[in-house]
Amino acid sequence: MIDSLGAHQSPDGGWPYRPGGSSWTEPTIFALLAGYAQGDDTGRVRALEWLRRLQRPDGGWSPKPGVDESTWVTALAALIPPAGLGEGPHSRAIRWLLDLTPANATLCARFQAWINGAATAEPHAGWPWLPGTAAWATPTAIAVLALDRQNRRRPDPALHSRIQSARDFLLTHRCPDGGWNHGSAKALGIDAVSYPETTGTVLLAVAGLDPNAIGRSIQCAETWWNNCPSSAAASWLMLGLRAVGRAKPGPPAAFQPRTIPDAALQVIASAGDRGLEVFAA
Amino acid sequence: MKKISRRQMLAGATGSLFLQSCSREAAVKAVNPRLPKPLVSVIRAAAYGQDLYDIVRRILIDHRVNAKGKRVVLKPNLVEFDRNTSINTHPLLVDAALEAFRSIGAADVRIAEGPGHRRDTLDLAEAAGYFDTVPKFEDLFTDLNIDEVSKYTLRQPFSKLSDVYLPNTILGADLVVSMPKMKTHHWVGATLSMKNFFGIMPGAIYGWPKNVLHWSGIPQCIVDLSSIPGRTFAIADGIVGMEGNGPIQGTPKNCGVIVAGRVLEAVDATCSRIMGIDPNKVVYLHAPDRPHYNDEPAITQIGESPRVVRTNFQLIKEFADLRLA
């Protein structure tokens, strides 16, 4: 069990996935976001400095120091308010996201799919975990949240268009039960089932859509809420359901966070509307 | 006259080129007949019971596995939140392996896995029965998805991968024991001890799923990743496997065997034969620069003959032609 986030901040300013490990981008950002949700700025300056040092020349972030490729964690970094991250680093993160097209949604991939008569091309542009690969549910949802926040600050048709395309991607990759798994609604024509954690994450990203479009997703999230298997799943479901007006009183006691990101997420989900604002202000 | 679509034409051309390449490589890379044939154990086990502890200990003795003072990592296949399906390697077999390696003097035995779709690995392991079965499981377990990593350069990769970041738990092990569930697989026909190494790719770098492996060529990545650990052993859980649309959506298949050995290709070829799958038609068992053990005489079997325990696993129509004659 992770009882205190502050106690696990590394001397370099970042946070590890598990107590005692080295600093990684994802847990550092989740710990920072937990601080924003709680209104607690302990360790924030050092963490932001660590994060700014890690930004790569292309504007993205790698998962940890020493890894030489920018990945989806750039979307997480873009969730940090520009006033904290810095206007320059934040706008370069947004640009990196806008410039990233999943490998199966490029013009070349679509042409190849047409030649092969295959249905592997993707008409809607979500986001991949890693450049050069296909789009999946979680990185797409996090990028939508980041770009949507930016578009509310500074409306931009390019942002709007990409957000819309990504939300279409999420809706077309919804499982028949109404929720989301990693992003594959069928395998060889057989229906796949959703996961609670991804259902909560994506619901948060599509919460502003027409209720008729996401009604069965809300029902699916409610069903998962009553059958929740982990702390992370409960936190994402709390956030997603709060975003559609179905706030839950608190996380189930049965599950304790096992990683720093899970612990941070529980803090965010338990912070009510302030927690929601971290993702969807 | 029937028209040929551009897809059929291109598929035919590509398939022809691939087959030419395979047959050419296979001819070049025959097993050296002067080398000793690999041993593969096929041991009957009707159910997940206490006899597994003796069975696994006997396997290590039969194969003269030297783990004295070594760091051993057991790598099960842990995929989904359900102890009642046949998706995950059964925790009792993993505990039996843990005890067996301790009994032969291993300095440290850890259990490690990096699930491909689900991030809450420890919760998944708990739901799959690992906490109830393996004493002090959380202390023994490493989530490879969020382990510390080091860069590793693949020498002469068969896939498009070149440099990869891998968990230090795997790179620092003296012996990695692949413990797959014997399952059909909807992309490559069968998932066994070699394919099980997909779980060493850290999700924190590559995501969930580890889609870079699909883009780099699944069969080719199976070959590359399974050749990374210096020393390997395999103990495959074929007591209840999965047939049909595996590795997740298939149905349980009682097979009643444990298959084990040092040479992963030989173990997988044996498992394939037991499942009624022709190993000569499993693409990743045909890799260039790797020895092939796809013909039965190339392997010294211990225990049961694969022919005797053969239990045809149902194959989806896309892989119907893999059926062993």
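A residue is called buried if 20 or more other C-beta atoms lie within 10 Å of its own, exposed if 12 or fewer do, and partly exposed in between, with C-beta atoms placed from the backbone. By that rule, buried residues make up 54% of the 325 residues in chain B.

This is a predicted model, in which local features need pLDDT of at least 70 and side-chain atom pairs count only at pLDDT 80 or more, while totals for chains, interfaces and linings use all residues. Residues are numbered from 1 along each chain as its sequence is written, and chains are lettered from A and ligands numbered from 1 in the order in which they are written.

**Chain B.** Colour chain B by secondary structure to see 12 helices and 12 strands; helices (H or I, at least four residues) and strands (E, at least two) are DSSP runs, numbered from the N terminus. Of the contacts in chain B with a separation of 6 or more, 75% are between residues 24 or more positions apart. A contact here means two C-beta atoms, placed from the backbone, within 7 Å.

**Ile235(B).** Select Ile235(B) next. Leaving aside neighbours within four places in sequence, Ile235(B) contacts Val56(B), Ile59(B), Ala97(B), Val177(B), Met179(B), Ile258(B) and Ala260(B).

**The core.** A nonpolar core is a set of buried Ala, Val, Leu, Ile, Met, Phe, Trp, Tyr and Cys residues joined through C-beta atoms within 7 Å. The largest has 187 residues, and those touching the most other members are Leu33(A), Leu97(A), Ala264(A), Ala97(B) and Ile235(B). Helix α11 of chain A (residues 231-243) gives the most to this core, nine residues.

**α11(A) and α12(A).** Show α11(A) together with α12(A) (260-270). Their axes, lines fitted to C-alpha atoms over the stretch in contact, come within 9 Å and cross at roughly 30 degrees. Angles run from 0 to 180 degrees between N-to-C directions, and those under 35 degrees count as roughly parallel, so α11(A) and α12(A) are roughly parallel to each other. The contact involves Ser231(A), Ala232(A), Ser235(A), Met238(A) and Leu239(A) of α11(A), and Asp262(A), Leu265(A), Gln266(A) and Ala269(A) of α12(A).

**α13(A).** Move to residues 273-280 of chain A, where Gly275(A), Leu276(A), Val278(A), Phe279(A) and Ala280(A) are buried. They lie on the same side of α13(A) because they cover an arc of only 160 degrees around the axis, taken from the directions from the helix axis to the C-beta atoms. The buried residues of α13(A) pack against α1, α7, α9, α11 and α12 of chain A.

**α9(A).** Finish at α9(A), where 11 of 11 residues are buried. Its cover includes α7, α8, α10, α11 and α13 of chain A.

Methods
Angles under 35 degrees count as roughly parallel, over 145 as roughly antiparallel, 65 to 115 as roughly perpendicular and the rest as oblique.
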